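Please read the following note with the sequence and the model open side by side. The points are numbered so that each may be checked in turn.

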Amino acid sequence: MPEPEDLERRTTELLQRLIRFNTVNPPGNEEECQTFLAALLRGAGFEVELLAAVEGRPNLVARLPSGSDGPVLCLLGHVDTVLADPADWTHDPWSGDIAEACVWGRGALDMKSQVAAEVAAALTLAEEGWRPESGELKLVITVDEETGAEHGAQWLCSQHRDKVRADLVVNEGAGETFTYVEKRLYGVCVAEKGVFRFTLATSGRAGHASIPRIGVNALTKMAPVLEALAGGRVTPEHSPEPDAFFEALGVDASDLDAALAEVEATDPRGPGSR
Ligand SMILES: [Zn+2]
């Protein structure tokens, strides 16, 4: 096993390097960054393919196979970033500078940091001669995530399904660590919030401003409806995953309203605040 400090240094240096590729999407321009990562992974023994839906924007798929059937673990990431206006920044967004014990730059959080951690871990394992006992370790580093993944994950899944198929995927977003009553916890994402759109209509009767009584105002009929919506709260129900979450927090969830109130009182960011 490598020393943790060595892994940390390697990840930090890789992150700095990745930030120096300007991959603001649009337009992305991820090719140089992806070619750089492909060379590193090939050098460590990975089978690497660059698969592009459009010129200059290749996705990277790297495999470390075992030679026998088994589960495929995929470390997933994207190298494009949202935009950055240097005038808004205290450090150049493409510098990768280290200051105040942080690596500075666009993509340092979303998500070149995790890409750097995934690639550093994969390189270190492969260089030390580690190979999966069965199945394979896969890295999928995509382009075009920030504007809808049309040329990235979506395209890979429709055009190269077999190349990116995996049994287990580690990705960004969920699974953030957090502290609750001095306990460090790791979340697991089991669902996403959805959107429920609907049209609400009230009707009235046309009148005339000079004789208000002959009309019926449809707008004012909307007021109590809006007020009821604003004051409404979701009625919680038991389901296995949230119940497991409460258990991990150490909160008795037999009464859900009380459990939510307890979590909210302890940490206002908790599930009760929604
Ligand atoms: Zn992201």
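1. Pro27 lies in the loop that runs between helix 1 and helix 2; helices (H or I, at least four residues) and strands (E, at least two) are DSSP runs, numbered from the N terminus. The peptide bond leading from Pro26 to Pro27 is cis, and its omega is near 5 degrees. Most residues other than glycine have a negative phi, and most peptide bonds are trans.

2. The model is a predicted one, in which local features need pLDDT of at least 70 and side-chain atom pairs count only at pLDDT 80 or more, while totals for chains, interfaces and linings use all residues. Residues are numbered from 1 along each chain as its sequence is written, and side-chain values use heavy atoms, with hydrogens and water left out.

3. A cis peptide bond also joins Asp110 and Met111, with omega about -15 degrees. Met111 is placed in the loop between strand 5 (102-103) and helix 3.

4. His78 counts as buried because its relative accessibility is 2%, whereas Glu172, at 22%, counts as partly exposed. Buried means under 20% relative accessible area, exposed over 50%, and partly exposed in between (1.4 Å probe, protein chains only).

5. Glu100 has a phi near 50 degrees, a positive value in a residue other than glycine. Ala101 likewise has a positive phi, near 60 degrees. Glu100 lies in the loop between strand 4 (98-99) and strand 5, and Ala101 is found in the loop between strand 4 and strand 5. Glu100 counts as exposed at 63% relative accessibility, as does Ala101 at 80%.

6. The largest nonpolar core has 29 residues, of which Leu37, Leu41, Phe46, Leu60, Val115, Val119 and Leu139 touch the most other members. Such a core is a set of buried Ala, Val, Leu, Ile, Met, Phe, Trp, Tyr and Cys residues joined through side-chain atoms within 4.5 Å. Helix 3 contributes the most to this core, with seven residues. A second, separate core of ten residues includes Tyr180, Phe246, Ala253 and Val263.

7. How many disulfides does a search of the whole structure find? The search finds zero disulfides, a disulfide being a pair of cysteine sulfur atoms within 2.5 Å. The sulfur of Cys157 is 9.4 Å from the closest cysteine sulfur, in Cys74, which is too far for a bond. Cys74 counts as buried at 3% relative accessibility, while Cys157 counts as partly exposed at 45%.
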